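Here's a short tour of a protein for you to follow on screen. Have the sequence and the 3D view open, and click along as you read.

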Amino acid sequence: MTATLERRPSAPSAASPGRPLFDERLKAIRAKVEKGERLSLEDGELLFTTPDIWTVCELADTVRRRLHGDTAFYNINRHLNYSNVCALSCKFCEFYRKKDEPGAYTRDMEYVKNQVREAVENGATEMHSVGGLHPYLPFSYYTDLVSTIRDTARSLGSELHVKAFTAVEIVHLAKIAKVYKADDRVSGIRFVLEKLKEAGLGSLPGGGAEVFDDRVHDEAYKGKIRSDVWLDVHRVAHDLGLNTNATILYGHIEDRHDRLVHMDMLRRAQDRALANMGYEGEVAKGQRGKGAKGEEEPGHLGYSGDEGADVPVITLTRDGTPLPEHVAFSNSSVSHPSAPLPLCPSAPSPTTGYFQTIIPLPFFPDGSELEHLPGPAGLENLRTLAISRLMLDNFPHVKAFWIMQTLPMAQLMLQSGADDIDGTVVWYDITKVGGSSTHQEVNVWTLQKAIREAGFKPVERDTLYRHVQRSGNKWSPANR
Ligand code: V47
């Protein structure tokens, strides 16, 4: 007996109901994307308002494939929140506690060592550590935290890259160390970053940026550093050769224009970092001295140290522009070299001191003071990530942080501009998807499967996006 297969309705075409026709207004943006030209804020507005979201995603995918082909990155990492005690009370935040409140915690070094042991046993290459602005911990706690992570891993014959402290924590540490002066904030920031680097800090995560807008700042996270200070911290880190990431927290009380201004400020900061690394670009007409909202500004970026600078526009998304990348290394039996990074032959030098990744973070209302807000939904998340890829033409990477986006959504995002889904994570206290547990872990095979299902080749990276090749440990392909 032969089974008869039912004919399935064919997939909707671009012209079928339910999917809008190609929005002709996107033609000019497509032409720019094809040439690798920088998109304007007006382009960004159209990308946010067009009903043709699929073309937005497709354009972002074009850029992402030009940069990374069919590679999609993940890493083996651990998040370690050293304390949730915080002097601030940001309205969007559910994580912070006051010192004697139930649930407040501060980890001691024994706890940290245990976390490192577990991380090393599981093949991690990165420890991502952030916390609240603790009012009483001494500066030495933070340098100890970093050196304890580094030294415990080394005592086990391994290297863990320490990616720690958001910009707002760095400023807090400068205040605790009593080196922060309002009229010369950069030297205090530099002091702290140098001390942390000596202790073993490898890079800065992208948190604490929220949205670079004073109205939103004053309403939702007053007391936190403003955009100029956040950018200063990252600029000093770049000058010290530390790579950093950047985030955008969206879907709360900001509007879409605020998101675009935020992206524009970040890409101009990156222009400067890349110019310092030897990248060449053109000083665009009207770029110098124009603020993101088009108003005249005294300096290029509005943060200190760049007054009057002619910073060129540098796009990495043109065909043939080399990414600032580091050569691959082999990670057999978990350990990997900590030697200074060799230069990639095709990239300008030095090869460190720039923004690696933009991480769009959707706002989670539950448990926060802004709980009455709905938070962004799936298509808004997809669109914001795709637009981040398109606007931030000088950021090598876009991360779909699966913890906040969910793994199924991260798969869609890989097809819409993202090239990275972050890592195994394990414990994450800042936001909790669909429940109250801070245990949020996926294993390597699950990450790889999600990437393959989305049509990409999974590549394990370390924090600096060097490819990790494993043999002889739990996660090596032979043990699959
Ligand atoms: O700075 C806090 C955000 C950030 C909420 O650099 C919230 O690789 C949504 O920065 N809803 C911390 N977001 C996370 C972060 C990060 C995550 C993953 C990778 C990297 C990286 C950085 O989370 C905070 C804040 O902006 N946040 N509360 C909330 N209710």
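## The big picture

How many helices and strands does the protein chain have? The protein chain has 14 helices and 14 strands, where helices (H or I, at least four residues) and strands (E, at least two) are DSSP runs, numbered from the N terminus. Keep in mind that this is a predicted model, in which local features need pLDDT of at least 70 and side-chain atom pairs count only at pLDDT 80 or more, while totals for chains, interfaces and linings use all residues. Residues are numbered from 1 along each chain as its sequence is written, and side-chain values use heavy atoms, with hydrogens and water left out.

Of the chain's 480 residues, 59% count as buried. Buried means under 20% relative accessible area, exposed means over 50%, and partly exposed is in between (1.4 Å probe, protein chains only). Now take the contacts (heavy atoms within 4.5 Å) between residues at least 6 apart in sequence: 76% of them join residues at least 24 apart.

## The nonpolar core

In soluble globular proteins, nonpolar side chains tend to be buried together. A nonpolar core here is a set of buried Ala, Val, Leu, Ile, Met, Phe, Trp, Tyr and Cys residues joined through side-chain atoms within 4.5 Å. The largest one has 134 residues, and F165, L193, L201, W230 and L266 touch the most other members. Helix α10 gives the most to this core, with 8 residues.

Setting aside neighbours within four places in sequence, L193 is in contact with I170, L201, L204, V233, V236, A237, L240 and L242.

## A covered helix

Is helix α6 (residues 167–176) mostly covered or mostly uncovered? It's mostly covered, with 8 of its 10 residues buried. Those are A167, V168, E169, I170, V171, H172, L173 and A174. The cover over them includes β3 (126–130), α5 (139–155), α7 (185–199), β5 (201–204) and α9 (227–239). After α6 comes K178, which has a positive phi, near 60°.

## Two helix pairs

Start with α2 (residues 41–49) and α10 (residues 256–276): their axes come within 10 Å and cross at roughly 135°. Axes are lines fitted to C-alpha atoms, for helices over the stretch in contact, and angles run from 0 to 180 degrees between N-to-C directions. So α2 is oblique to α10; angles under 35 degrees count as roughly parallel, over 145 as roughly antiparallel, 65 to 115 as roughly perpendicular and the rest as oblique. On the α2 side, L41, G44, E45, F48 and T49 meet R256, H257, R259, L260 and D264 of α10.

Next, helix α4 (residues 109–121) packs against α5 at an angle of about 35°, with the axes 9 Å apart. From α4 come M109, V112, K113, V116 and V120, and from α5 come Y141, D144, L145, T148, I149, T152 and A153.

## Two loop residues

D393 sits in the loop between α11 (378–391) and β9 (397–398), and it counts as buried because its relative accessibility is 2%. Apart from neighbours within four places in sequence, D393 is in contact with R38, L39, R267, I314, T315, L316 and T317.

G69 is in the loop between α3 (53–68) and β1 (71–75). With 28% relative accessibility, G69 counts as partly exposed. G69 and F456 are 387 residues apart in sequence, but 8.7 Å apart in space, C-alpha to C-alpha.
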